[in-house]
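The following note sets out points for a colleague to read beside the coordinates. Each point takes up one part of the chain or one site.

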Amino acid sequence: MASGLILGIESSCDETAAAVVRRGAETLSNVVASQIATHAPYGGVVPELASREHLRNIVPVVRTALAEAGIPLNDLDAVAVTEGPGLAGALMVGITYAKSLAYALDKPLIAVNHLEGHIHAVLLEQAELAEEPMPLPALALVVSGGHTHLYLARRNGESWRYRNVGRTLDDAAGEAFDKVAKLLGLGYPGGPWIDALAPHGNPKAVPFSFAQIKPKPYRKDPHRDDPASQFLFSFSGIKTAVLRYVQTHDLAASIEARRKALAEIPNPKPSDALPLCDEETLNLIASFQRAVVDDLRRKTFQAAEAFDSASVLVSGGVAANRELRVRFTAEAAERGLPIAFPSLALSTDNAAMVAAAAWPKLLEGETAPAELSAEPSLTLGR
Ligand code: KG4
Ligand code: ZN
């Protein structure tokens with residue numbers, strides 16, 4: 001294990017990814033085959049198509065990751081794979097492949113929780129930049145197309161321990177970005193489109209308000225029923241509010257015109273949508289993004305305070321959002337809390353984060369059983 005080389009494999013949603021990472025701290029390769037083009041016409045991930053694309057991509061993606069790292073298969077110390085949460089059929093492709101590879105090479109197989117992977121994307125990059133490790137415990141917001149979770153992360157020897165202290169009651173934040181973008185005739189996935197268009201609008205134009213969900217008061221009682229209920233998010237209401245705004249302001253025709261115009265552009269980009277959006281639409285987009293970012297920010301820092309966190313980290317696809325980074329960074333500075341985000345490439349799904357999360361597990365001998373199977377509803381922490 002001296003070299004600590006781990007091949008990570010990720011196939012939980014719509015990216016087939018493989019990466020080689022040394023000792024959880026040095027990325028030798030990081031290959032991602034995105035299925036965006038496959039799912040874009042449907043405005044969301046189609047599970048059957050995802051499994052088919054993973055099957056098509058897994059062999060070349062792993063081969064490329066090993067070639068780019070310049071690592072022969074036999075030099076690997078372990079194979080790590082995402083066991084969940086995610087789409088069952090999609091997860092199965094990565095797991096079956098990783099299992100066969102580990103078995104053929106007679107190397108340990110390590111199962112990684114996708115959510116823990118997102119957190120390790122930040123830790124990996126900090127190690128690479130030789131930055132001071134984050135003071136612990138850290139309050140981690142994992143915010144993506146499938147998840148909006150708050151965790152309190154701490155270390156116990158080499159292992160990491162997580163406590164789930166917040167979650168969404170309905171849609172994930174990324175899902176709200178995707179649905180609102182679709183509703184407004186923009187491209188898929190919606191996050192990067194809204195991110196790019198929002199600075200052109202007035203974020204105070206439309207006063208969106210979040211339903212007040214009362215968090216259960218924090219009690220220092222480890223036996224309370226559901227610790228994840230202390231900080232609750234809900235993003236389905238704002239999506240409905242945007243729909244209502246569209247209806248009451250007669251935006252349907254201009255949305256349809258924009259959808260048609262973008263459909264005629266090969267590989268349309270957010271910059272193509274800008275001239276197709278009037279001021280009212282840009283204001284709506286800016287106000288939506290501001291409302292979501294502020295809600296995430298408020299609850300994340302409330303949780304950081306409630307649990308005496310020494311730092312904050314934000315990861316997952318929505319962590320790529322520019323306004324989110326600016327507003328979280330400003331609040332962290334005000335509170336004197338260190339904050340970290342992954343680079344844009346490691347914010348969305350990738351396998352470097354899976355290989356990095358596997359390293360402490362390999363050190364602790366936490367290997368997966370031969371009968372490892374997909375866990376579509378896997379949770380992280382207690
Ligand atoms: O982490 P990820 O790649 O996959 C999941 O585990 O879900 O996250 C994808 C999600 C999508 O909902 C996408 O719209 C959102 O992340 N996203 C963004 C941005 N880039 C990606 N949301 C807001 N702003 C962005 N710049
Ligand atoms: Zn993810």
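1. Relative accessible area is used throughout with a 1.4 Å probe on protein chains only: buried means under 20%, exposed over 50%, and partly exposed in between. Asp 250 is exposed on this scale, because its relative accessible area is 67%. Its phi is near 50 degrees, a positive value in a residue other than glycine, and Asp 250 lies in the loop between α7 and α8 (252-263). Helices (H or I, at least four residues) and strands (E, at least two) are DSSP runs, numbered from the N terminus.

2. This is a predicted model, in which local features need pLDDT of at least 70 and side-chain atom pairs count only at pLDDT 80 or more, whereas totals for chains, interfaces and linings use all residues. Residues are numbered from 1 along each chain as its sequence is written, chains are lettered from A and ligands numbered from 1 in the order in which they are written, and side-chain values use heavy atoms, with hydrogens and water left out.

3. Asp 308 also has a positive phi, near 50 degrees, in a residue other than glycine. Asp 308 is located in the loop between α10 and β10 and counts as exposed, at 60% relative accessibility.

4. Helix α5 (residues 173-183) has as its buried residues Ala 173, Gly 174, Ala 176, Phe 177, Val 180 and Ala 181. Seen down the axis of α5, they fall within an arc of 155 degrees, so they line one face of the helix; the arc is that of the directions from the helix axis to the C-beta atoms. These buried residues pack against β6 (138-143), β7 (148-156), α6 (190-197), α7 (236-248) and α10 (279-306), where contact means heavy atoms within 4.5 Å. After α5 comes Gly 185, with a positive phi near 75 degrees.

5. Thr 148 lies in strand β7 and is buried, with a relative accessible area of 0%. Its side chain reaches the backbone nitrogen of Ala 173 at 2.9 Å. Leaving aside residues up to four places away in sequence, the residues that Thr 148 touches include Leu 141, Gly 166, Ala 173, Phe 233 and Leu 296.

6. The structure holds five aromatic pairs. Rings of Phe, Tyr and Trp (its six-membered ring) pair if their centres lie within 6.5 Å; planes under 30 degrees apart count as stacked, over 60 as edge-to-face and the rest as tilted. In one of the pairs, the rings of Phe 177 and Phe 288 have centres 5.3 Å apart and planes at 75 degrees, so the pair is edge-to-face. Phe 177 belongs to helix α5 and Phe 288 to helix α10, so the pair ties together parts 111 residues apart in sequence. Phe 177 counts as buried at 2% relative accessibility, as does Phe 288 at 1%.

Conventions
A polar contact is a pair of N or O atoms within 3.5 Å; within protein, one must be able to donate a hydrogen and the other to accept it, and residues adjacent in sequence count only if both atoms are side-chain atoms.
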